[in-house]
Amino acid sequence: MYLNHRPNALMAAVRRPRMIVAAAAVAAFASASFALHPAATHAAQANGAVVSTAKTSLGRIIVNSSGRTLYLFEKDRNGKSACSGQCAVFWPPLITSGKPGVTGGARASLIGSTRRADGRLQVTYNHHPLYTFVKDKKAGQTNGEGVNAFGAGWDALSPAGAKIEKPSAPAQGGGGGYGP
């Protein structure tokens, strides 16, 4: 029995241009979408770290986006970090992948960044490179306040950009306050 394959060949010839047109339409739509919204694709990569404020036992201080206390290292000079290697393991620098920002009571005029020796950008506040502390396990903890480690002191910062120093315990007199 003889089958005529010509109708199938004819149908394939008709379908092929439709497929090409459909593929071209999909490609055009995809490129137009990318052209209209290129920043949306890279937005997560371009976002910078955010510095905010929180009320703690030390008063109002600056914190990272997770509410973790941010510290300055008194050994840092001229806006450059002096904490690397093992120091940066215990005191992780606040790294940013874009321009850092502020929220809450933090001041935009005090935020900035500095290039670390490893090439990453570290967030600064009032020219102080910022760090968290590994022993602060949750938001609001200030276990690093007043610690002296890696050759200098560590202090939280106020929203004004000044270091906060934990108040010292009052000196005890010989008579407990009842006389000489």
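**A walk from the aromatic cluster to the surface**

Y71, F73, W91, Y131, F133 and W154 come together as one aromatic cluster. Keep in mind as you look at them that this is a predicted model.

How many aromatic pairs does a search of the whole structure find? The search turns up eight. A pair of aromatic rings is described by two things, the distance of the centres and the angle of the planes. Take F73 and Y131 as an example: their ring centres are 6.5 Å apart and their planes stand at 85 degrees, so this pair is edge-to-face.

F73 sits in strand β3, which covers residues 71-73, while Y131 belongs to the loop between β8 (128-129) and β9. The pair therefore ties together parts that lie 58 residues apart in sequence. Are the two residues buried or exposed? F73 has a relative accessibility of 2%, so it counts as buried. Y131 counts as buried as well, because its relative accessibility is 0%.

With W154 it makes an aromatic pair of the stacked kind, with 4.1 Å from centre to centre and 15 degrees between the planes. Like F73, W154 is buried.

Next, let's look at a link of another kind. A disulfide is a covalent bond between the sulfur atoms of two cysteines. This model has one disulfide, and it joins C83 and C87, whose sulfur atoms are 2.0 Å apart. Which hand does the link of C83 and C87 have? It is left-handed, with -110 degrees about the S-S bond. Both cysteines can be checked for burial too. C83 counts as buried because its relative accessibility is 1%, and C87, with a relative accessible area of 4%, is also buried.

Finally, turn to the surface. There, V89, F90 and F150 form a nonpolar patch, and together they have about 250 Å² of accessible area. One of them, F150, is found in the loop between β9 (148-149) and β10 (152-157). F150 has a relative accessible area of 36%, so it is described as partly exposed. Compare that with F73, which is buried at 2%, and you have two phenylalanines to look for in the structure, F73 in strand β3 and F150 in its loop.

Technical notes. Residues numbered from 1 in each chain as written. Predicted model: local features only at pLDDT ≥ 70, side-chain atom pairs only at ≥ 80, totals over all residues. Heavy atoms only, no water. Patch = residues over 30% accessible without salt bridge, like charges linked within 9 Å, V, L, I, M, F, W, Y side chains within 5 Å. Areas by Shrake-Rupley, 256 points an atom, 1.4 Å probe, with all protein chains shown as cover. Salt bridge = Lys/Arg side-chain N within 4 Å of Asp/Glu carboxyl O. Helix = DSSP H or I, 4+ residues; strand = E, 2+ residues; numbered from the N terminus. Buried < 20%, exposed > 50% of the residue type's maximum accessible area, 1.4 Å probe, protein only. Phe/Tyr/Trp six-rings, centres within 6.5 Å; stacked < 30°, edge-to-face > 60°. Disulfide = S-S within 2.5 Å.
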